[in-house]
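Subject: Structure handover

Hello,

Here is the structure you asked for. My notes on cavities, pockets and aromatic contacts follow below.

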Amino acid sequence: FASTYPLSRHWRRAQSIQSDFKSRETGGAITSMHTAAHLRMSASTAAATVPSWSDLKTKTQSTKTGSALTANAALRKEGKGAPHRENTLRLFGDSSKPKITLFRDHAAWCPYCEKTMLLVEEKQIPINVNLVNMRSYGDKPREFLQKVPNGLLPALEMPNGQIVTESQVIMELLDDMHTGKTMLPQTKEGWNRYDALAKLERELFSWWCTLLFRPAGLMGGRFSPDGMSGAMKGFLECIGRVDKELSSTKGPWFFDEYDYPTMIDFIYVSHIERMLASCAYWQGLNLRDVQKWNLEGLNNWLNAFDKRESYLAFKSDYYTNVKDIPPQYGPGYDGGFEQDRKVFQKNILGQDGSWTLPISHDDLIQPLYRGPPLPLCVLEAMDLKPNADGSYDSCDPVVMAKACREMAAWKLADNGINVSRFAARGGPAGAKNPRKTFGAELADPYADPDDEIRPVVDAALRCVCDAMLDDDTASLDGFHKDSLLAVVPTNQAKAVVSSMVYLRDRVGVPRDLPLAAARYLRAYLNWGIDVLS
């Protein structure tokens, strides 16, 4: 498939695409189907100069961002390097192969897997990691079900083959098995506080479910004169008590004794992360708005998590969360503060221009720079240094944008052929699922691509990738626009647009990229969509 378009690499910026160039053969067999698709292209399409994925991969790796990411990816394969959603081995300096294996979800949707991995990273526990689909996203491998018949995640396989499946039990077991940072209280007073906080977390979770997953007024009490439902009042009162507990300590964490998060912090954070997204989207409630809701302790705690690279590695954005919450918990219901809800919904879905170039430096409701917005290796390579408090909001926006674009391009080029095949599911003859549907709205793991449109989708995505690597934004309306229009015949533009929309709507955080970089991939895909539309 990579040889479908034997086009020469051409970096000269020009106002129009010249039609009299000589194409370079890249080698490899071309199937008769792909040859037919190639011959159907117009003369102007055949004349387009689109770099191959191989060329783009080389180009992305030659950037400071790409070089740092490539080096870190090599380290991660050895069990070293930075925390990352794709890691399957963590050694933390241990020279021996780990004897335990953690099974966790592949797409980074599961809150219980997330809190377990945060503990593994904080305590630096050597471990093997096996990535498995959640049921809502695809079928689980037979090999996994033979070990874990009920399919629950996370699951821990002990050295003797015993399987443990309860996340809280797994976390306590891992803590007990390994030395290092203390994760549980060491005094009777500490245990009393821990038990009380654990009960409060369950109460908060219950109020969240009542607020989000039941229609307003149903099981949520009557509306008060101020228009606030009983469920909203109960949730706000409960999270106010959580805030009070956090404000009662000297540092940002639930326990004063430690300058790092412990077990109870991890128990809270994965669900509060989902509360932030869902409350904004379905209720118009922005819990990160300190001025409006006065949750200062909660936000200091969230900011402290944001400063940890391990949290960046497993933290989802609001879009990903509002798409993965319904298949796990049930549908969310609109309610709460209607005016703000409409604004937040448009923002989270990118319908307010937030996914359109030029995009804003920061996000309206998801603070990007309270901690590292990108892996530390990238920030260091680009000389983007934190403030004294660990935030990055004073960094040069132009350099930060360049780093984000380059990371998105590096990710796309690294797996370009497979990504274009995935995107082509969005073509007219694609996404025909021969087996069954899944609970997740955007999940169709058995869908086939539209092979008729796939070569053109591939060329279009190479244009998008090339554009992300260009520092000259003016070329988007010149060279890159002309290139994209040239490789997509008019009669296939609609199908390519639907394929790019399909891909854009399935960019997941952190599965594919951290939010700061994912914003640019979504925006550049929208640029391509707008050009072709």
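Is W253 buried or exposed? W253 is buried, at a relative accessible area of 4%. Buried here means under 20% relative accessible area, exposed means over 50%, and partly exposed is in between (1.4 Å probe, protein chains only).

Two notes on the basis. The model is predicted, so local features need pLDDT of at least 70 and side-chain atom pairs count only at pLDDT 80 or more, while totals for chains, interfaces and linings use all residues. Residues are numbered from 1 along each chain as its sequence is written, and side-chain values use heavy atoms, with hydrogens and water left out.

Aromatic pairs

A search of the whole structure gives 19 aromatic pairs. Rings of Phe, Tyr and Trp (its six-membered ring) pair if their centres lie within 6.5 Å; planes under 30 degrees apart are stacked, over 60 edge-to-face, and the rest tilted.

W253 and F305 are edge-to-face, because their ring centres are 5.0 Å apart and their planes stand at 85°. W253 is in the loop between α9 (230-247) and α10, and F305 is in helix α12, so this pair ties together parts 52 residues apart in sequence. Helices are DSSP runs (H or I, at least four residues), numbered from the N terminus. F305 is also buried, at 1% relative accessibility.

Y319 and W355 make an edge-to-face pair too, with 5.2 Å centre to centre and 75° between the planes. Y319 sits in helix α14, and W355 in the loop between α15 (338-348) and α16 (376-381). They are 36 residues apart. Y319 is buried, with a relative accessible area of 5%. W355 is buried as well, at 5%.

Ring pairs also build a cluster: W253, F254, F266, Y268, W301, F305 and Y311.

Charges over rings

The test is NZ of Lys or CZ of Arg within 6 Å of the ring centre and within 35 degrees of the ring normal. R506 lies over the face of Y502, 3.6 Å from the ring centre. The charged end of R193 sits over the ring of F255, at 5.7 Å from its centre.

Cavities

There are six cavities of 30 Å³ or more. On a 1 Å grid over the protein atoms alone, a cavity is a set of points where a 1.4 Å probe fits but cannot get out; a pocket is an open set with protein on both sides within 12 Å along at least five of seven lines; lining residues have an atom within 4 Å of a point.

The largest cavity has a volume of about 310 Å³. It has 23 lining residues, and D306, L312, K315, P367 and L515 are the closest to its centre. Its lining takes two or more residues from each of α10 (263-283), α12 (296-306), α13 (309-314) and α22 (515-532).

The second largest cavity has a volume of about 160 Å³. Its lining has 16 residues, with W109, L442, R506, G508 and R511 nearest the centre. Helix α14 (318-329) gives the most to this lining, three residues.

Largest pocket

The largest pocket has a volume of about 1400 Å³. It is lined by 48 residues, and R85, E86, K411, R511 and D512 are the closest to its centre. α4 supplies the largest share of this lining, seven residues.

Best wishes

How values were computed: Grid points are joined across faces, edges and corners, and a volume is the space filled by probe spheres set on the points.
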